[in-house]
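Here is a short report on aromatic rings and their surroundings. Please look over the sequence and the model first.

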Amino acid sequence: MLACFCNSIFLTQRCETTGMIRTSLSQLLCFLIVSMFSFQVFAKEYIAPTSTISENRDCIECHEKEDKLLINDWQNSVHAKVKPVVDCISCHGNSHKRAIVKSRHDQTCIPCHGGKEAPVAHSYSSSKHGTLMQLEKNSYDWNLPFVLANYRAPGCGYCHMYKSNHNVSTTVRHDLMNDLDTERVQNSMRAVCQDCHSPRYVTRLFANGEAMLEIARKKYREANNLIEQAATEFGAEKLAAANSQLIKMQQHLKNVYLGAGHQSPDYQWWHGQPALDGDLLRIKDNLGELRRLKK
Amino acid sequence: MSKKTPRYIWVPLIIALISIPAGFIYVNWNKGGEGAGLYSRQWSPETLFAYWNPKEFYQSVDTVVGEFSGEQCIECHSALTPGIVNDWKKSRHSRVSEKVFCNNCHGSNHEQLHMPTPDVCGSCHTAQHEQFVDEKRFGFPSHALAMERALDAKHFVDKPKAEVTACLQCHSVASKCDSCHTRHKFSAAEARRPEACLTCHSGPPHPDDETYFHSRHGQLYLAEGETWDWSKPLKKGNYPAPTCAYCHMDEGKHQVANKSIWKFGIKQINPLTSGNEIKRNKWIKLCSDCHEADWSRDRLKEMDKERKRAWKKLYLAENILKDLRADNYLYPLAKERPPYPTDSAKDIIQYERIGFFEGQASAFYNISAIERDYFEMWYFENLAAFKGSAHGDETFIIKGHEAMDKSLEKIKLKAIKLHALGEDEKIKGQRENPEKLWFNGEYTEYNREHN
């Protein structure tokens, strides 16, 4: 409206310079035309489209002007790098009216991340956060942004897209076998957790998660070393069973990571650590049997 | 002339006078150390244990000094940790005429804050606390004994503490009430719903979530549970289908073990003892809220039969393992496995733990593959069948028994192999030394030093 008003003054002045007759009617007409014109310009820039949006670049064209950081964040995230690209429409849908509220629900993320039975979603849904979400989601106000504990239980978005951070990749590890990502992930998560939990609790929880994951890695490396050593004695064919057990270990290691991240005791333990113990002893048993048969 | 006291009186007397106080001192010393429980001197806790077992391990922060009123707590924490203040505002604690503020449960002195244990909650919620504590007399598995039994378990003491924090997260149900009534809303309605239980009651040894949701009861809950009035107490006529709490904590009684006949399916029990008959009648009375008594009795009999079938299979496998042990054909033998911290008595007693009574629940690591196969058959497949049977999910009974049949075959084949290899080595007189594989390695060595 401000733009509209300024424009009308500007045009009124122009009327004066061109020597237009300064009647109140012509001035009103002038004002109306300019208002309509400027309103349209205004609309082109800031008013949301009412029709459905069909392409990602339509979104980016406008939103780049409005919030360049947000677009940058998305472009840096794994969502923009995978094929097919997870673009604006994938999560927000193509109706601009319900774009934000719709995308805040966990149901936006889960279908692509393996469905609700897959470890990623199941480790969350079996955690206390996940069970609370299941019970209370209908009572939450989904118009509120992901900040200040606006939601009693955090969903996928509250933690991984805190304060509308569209670079989800800052909140996850890319390499489970070393701790290169530790600092980055902890830095991006600390503020999220502290909306509800005390700083000391969060620090201890992080330290424990790291230690737990490192123990899982130790188990994996122990098994991996044994197989590497055995490779000089036996051919690939004989080591097939041990190797397939090692592949199972990768999933069990990931379960420990998911269990610690999503705070699911079940994934930390039954799908994680004791499962890794079983893998490790089976690999040892397998290699021992090969050696005994060789003699 | 005074008569001399005979030696057979004063010698034992002196021995008793020395040994009784010495015994007391030893027992007292034994309870010390950084840890807790039976083996408290053998381990030291992770810092995170403070939150899972506050009674033993919690120490307050000393960064904030002073005494605060409830309103003052709220004022600061609305900015610091808005989530918990929001929760409290939604709770009944904030809505009753005499509000229950932060300091009523945590204390007013910020340097001496404490985490509320069941005793703290029990100071107001007397009836519930009494029921909860009273549960101990029904033995384990139970909520009230969960923490002490976890701390006394062999594998808990043996393993690195960062690894077994996972155990305490669930076993903390004994040491704080917010496992079911999550903080700081502490809602009774929330704890009545099945989801409140499933964070702990899920996974291979106790798939309570899956078996319940697959059952007719669970299907009804999934279809229409949203519309039920969860503020009602767990009593006859209030709910169209039973939930976890409706059956296991009937009439809101804070006990889950008082009707426990089969003890989680972990060991074989005699279902016909007089004690179990009393428990069975309690179940029948409960089922009669909806079903006919005779029908309910028949269902429980079916469960007895299923259990008998399962234990027949389990004992077959157990005997195969015990035969191998008798012939020394397990590989590696107990004495050839790297000693864990609680294995210090190993030089006196050397044996492989097989079956419930020898403590195989703790033997899922550092054992031979055939023992692990039996562990999984017993602890995962058998317990899955049991849960299917108890919660009325036929698919889990079938799946569990099929898996057990498969495991039994696998164990039989593996036993033949071990037998042949062992016999062969006996004839040749030379045995492949398992030490190279089993004694060293990154985790094995780390575990030996860090428990």
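## Rings and charges

The charged end of Lys218(A) sits over the ring of Tyr446(B), 4.5 Å from its centre. Lys387(B) lies over the face of Phe264(B), with 3.9 Å to the ring centre. A charge sits over a ring if NZ of Lys or CZ of Arg is within 6 Å of the ring centre and within 35 degrees of the ring normal.

This is a predicted model: local features need pLDDT of at least 70, side-chain atom pairs count only at pLDDT 80 or more, and totals for chains, interfaces and linings use all residues. Residues are numbered from 1 along each chain as its sequence is written, chains are lettered from A and ligands numbered from 1 in the order written, and side-chain values use heavy atoms, without hydrogens and water.

The whole structure holds 38 aromatic pairs over all chains. Rings of Phe, Tyr and Trp (its six-membered ring) pair if their centres lie within 6.5 Å; planes under 30 degrees apart are stacked, over 60 edge-to-face, the rest tilted. Two pairs are tabulated here.

| Pair | Centre to centre | Between planes | Type |
|---|---|---|---|
| Tyr140(A) and Trp142(A) | 6.1 Å | 55 degrees | tilted |
| Phe375(B) and Tyr379(B) | 5.0 Å | 15 degrees | stacked |

Tyr140(A) is buried at 11% relative accessible area, and Trp142(A) is buried at 8%. Buried means under 20%, exposed over 50%, partly exposed in between (1.4 Å probe, protein chains only). Phe375(B) is buried at 1%, and Tyr379(B) is buried at 13%. Phe375(B) and Tyr379(B) belong to one aromatic cluster, whose members include Trp269(A) and Trp270(A).
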